[in-house]
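Here are a few exercises to work through with the model open beside you. Try each task before reading its solution.

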Amino acid sequence: MNLARIAIKSIRQRALASSLTALSVALGVMLMVAVLVIFGVVQRTFSQRSFGYEIVIGPKGSDLQLVLSTIYRLTPAIDTLPYKYYLEIEKDPRVRDAVPITVGDFTEEGGFPIVGTNKKYFELPYAPEPDKTFQFYDDSEVMRDPFDAIIGSEVAKTNGWTFGSQFQLVHGGAESDHVHDEKFTVVGILAPTGTPNDKTVFLHLNGFFAIAGHDKTLREVLQKDRDFFGPNADNAPLDDPEWLRTQGGRHAHHHGPMPDLHKSVSAIFVNVVRPEGAERFGASTLAILFKNEISTGLQAQAINPIQPMNTLMENFVGPTRILLSVLTGLIIVVSGVGIFVSIYNSMSDRRREIAVMRALGAQRRTVFSIILAESVILCVAGGLLGALLGHLLVFVAAPIVESYTGLLIDPLTFEPVELALLPALIALASLVGIVPGLTAYRTDVAKTLAE
C-alpha cells in the first residue's frame with residue numbers, strides 16, 4: 001500500500017472533519033477564481049491599446065464619460081454636437097476619416113444600446129493593430145434604407161434575431177416605457193469581435209433622425225446653434241413668433257428628411273491624414289496638434305480614447321482587483337490553517353496507530369510523509385473543487401453582470417494565472433503539514449504502546 005492510499009484511508013476515517021476543511025479551501029479558491037476571471041475580462045475590455053480611430057470629439061465634459069458612452073455604451077451621452085460641426089470636421093484637410101456617432105435609445109427586446117452612424121463605421125478597422133476589420137455573416141447588406149439595421153453577434157444570439165427581423169426602440173433608456181412607433185429591419189449581422197460592438201444595434205443615421213421625438217423646436221435648434229458657434233452664427237429673429245411659424249415651428253421636417261440644422265451627434269470618431277514621408281511619427285504628431293486645437297476652444301473636446309481608460313484601470317479597476325485578490329488569498333490561508341488545526345488535533349487520537357505502524361517497520365520519514373500527503377491531498381482536492389465551483393459561479397454571474405454593466409463575460413474563460421494556484425496550494429499544504437508531520441515523526445513507540 002503506497003503513501004497516497006494510506007493517506008486517503010486516514011482521511012476517510014475522519015470524513016466529516018476532512019470534508020469541512022477541504023470545503024473551506026474550495027470556497028476560498030472559488031472566490032479567487034471568480035475574481036481572476038471577472039476582473040480579467042474587465043481588464044481586457046478596458047485596456048484595449050488601440051481603436052479604429054485616433055481621436056474622439058464630443059461635447060465639453062468628462063473625457064471618461066465620453067468614452068464610456070460612445071465607445072463602450074455604458075453611460076448616457078454628455079450632450080450633443082451640431083451636425084453642422086461634424087460636416088466642418090469632415091471637410092478639414094487634416095482629417096482622413098470622420099465618423100458621426102449618435103447614441104441614446106435601446107432595443108425594446110433585450111435592452112441593447114442603439115448607435116446611429118453611417119456605413120463608414122464598418123469600413124474602418126475596430127482595432128488597427130493588427131488590422132481587425134468587421135466581418136459579416138453571409139447575406140448581410142450595408143444600411144441602404146433609413147430603417148435598415150446592423151446588429152452585433154450577441155444581439156442576434158440573445159434575441160434570436162436574423163435577417164428580416166423587425167424591432168422597435170425604447171426612448172431614453174432601457175427602463176423607459178416609451179416605445180417608438182418606427183420599426184427597423186435587420187439587414188446585417190456582425191461576426192463576433194469581442195468588443196462592445198457585439199452588444200450594439202447600429203441604425204442608419206438618417207433612420208435615427210427620423211424617429212419621432214428625436215427632433216427639437218426650431219427655437220431650441222437655433223439657440224443651440226448660437227450657443228455653439230457664437231451669436232453671429234445666423235441672423236434668425238428668435239423673438240419673432242411669426243417668423244418661427246413660417247419656418248416650420250416645431251416639426252419643420254415632418255414632410256421629408258430632417259434638415260441638417262435639426263440634426264446633432266453624440267461624438268465624432270476621427271483619424272488624421274498621414275503626411276508623406278512621416279508615416280511613423282507624422283500621424284501621431286498631427287493627431288496631438290489637431291486634438292489640442294479642438295480642445296482649446298469652448299465648443300468641444302477632443303481626446304485620445306486610450307488615456308481615460310488607462311486612468312480608470314490604474315486608479316480603480318487595478319487596485320480593486322488587487323484588494324479582492326488579497327482578501328481571497330487570506331481566505332485560502334485561513335483555510336490552510338484550518339487544515340493544520342484539523343490534522344494536528346487528530347494526532348493525539350492517532351498516536352497508537354502511528355506507534356503500531358512504526359512497530360511493524362515503518363520508518364520515521366514514512367510516517368512524516370503520510371501526514372504531509374494528507375495535507376497536500378486535502379488542499380489539492382479542495383483547490384480543484386474550488387476551481388470548478390469558481391467557473392460555475394462565473395457562469396451563473398455572467399448574465400447578471402452583463403445586464404448591469406454591459407460587459408461580455410465568457411463563462412468558459414480561463415485565466416493563465418489560475419495555473420499558479422495549484423503550486424501555491426501544494427506549497428501551503430506542505431507548510432501547514434510540517435508541524436503535524438514532525439509530531440508524528442517524534443512519536444515514542446514504546447511509551448505509546450505501553451500507554
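### Exercise 1: a core residue and its neighbours

Take Ile268 and list what it touches, skipping residues up to four places away in sequence.

*Solution.* Start with the cut-off: contact means heavy atoms within 4.5 Å. With that, Ile268 touches Ile55, Val56, Ile57, Leu81, Tyr85, Tyr86, Ile89, Ala98 and Val99. Before going on, a word on the source: this is a predicted model, where local features need pLDDT of at least 70 and side-chain atom pairs count only at pLDDT 80 or more, while totals for chains, interfaces and linings use all residues. Residues are numbered from 1 along each chain as its sequence is written, and side-chain values use heavy atoms, with hydrogens and water left out.

A nonpolar core is a set of buried Ala, Val, Leu, Ile, Met, Phe, Trp, Tyr and Cys residues joined through side-chain atoms within 4.5 Å; buried means under 20% relative accessible area, exposed over 50%, partly exposed in between (1.4 Å probe, protein chains only). The largest such core has 38 residues, and Ile268 is listed with Ile57, Ile89, Val201 and Leu203 as having the most contacts inside it. Apart from this core lies another, of 33 residues, including Val35 and Met313.

### Exercise 2: one face of a helix

Which residues of helix α4 (residues 83-91) are buried?

*Solution.* Helices (H or I, at least four residues) and strands (E, at least two) are DSSP runs, numbered from the N terminus. In α4, the buried ones are Tyr83, Tyr85, Tyr86 and Ile89. Looking down the axis, the buried residues of α4 fall within an arc of 150 degrees, so they line one face of the helix. That arc is taken over the directions from the helix axis to the C-beta atoms.

Now look at the ring of Tyr83: Lys263 lies over its face, at 4.9 Å from the ring centre. The test for this is NZ of Lys or CZ of Arg within 6 Å of the ring centre and within 35 degrees of the ring normal.

### Exercise 3: two ring pairs

Classify the aromatic pairs Tyr53 with Phe269 and Tyr121 with Phe122.

*Solution.* Rings of Phe, Tyr and Trp (its six-membered ring) pair if their centres lie within 6.5 Å; planes under 30 degrees apart count as stacked, over 60 as edge-to-face and the rest as tilted. The structure holds 14 such pairs. Tyr53 and Phe269 sit 4.2 Å centre to centre with 20 degrees between the planes, so by the cut-off they are stacked. This pair links distant parts of the chain, 216 residues apart: Tyr53 is in the loop between α2 (15-46) and β1 (55-59), Phe269 in strand β11 (residues 267-272). Tyr121 and Phe122, at 5.3 Å and 75 degrees, are edge-to-face.
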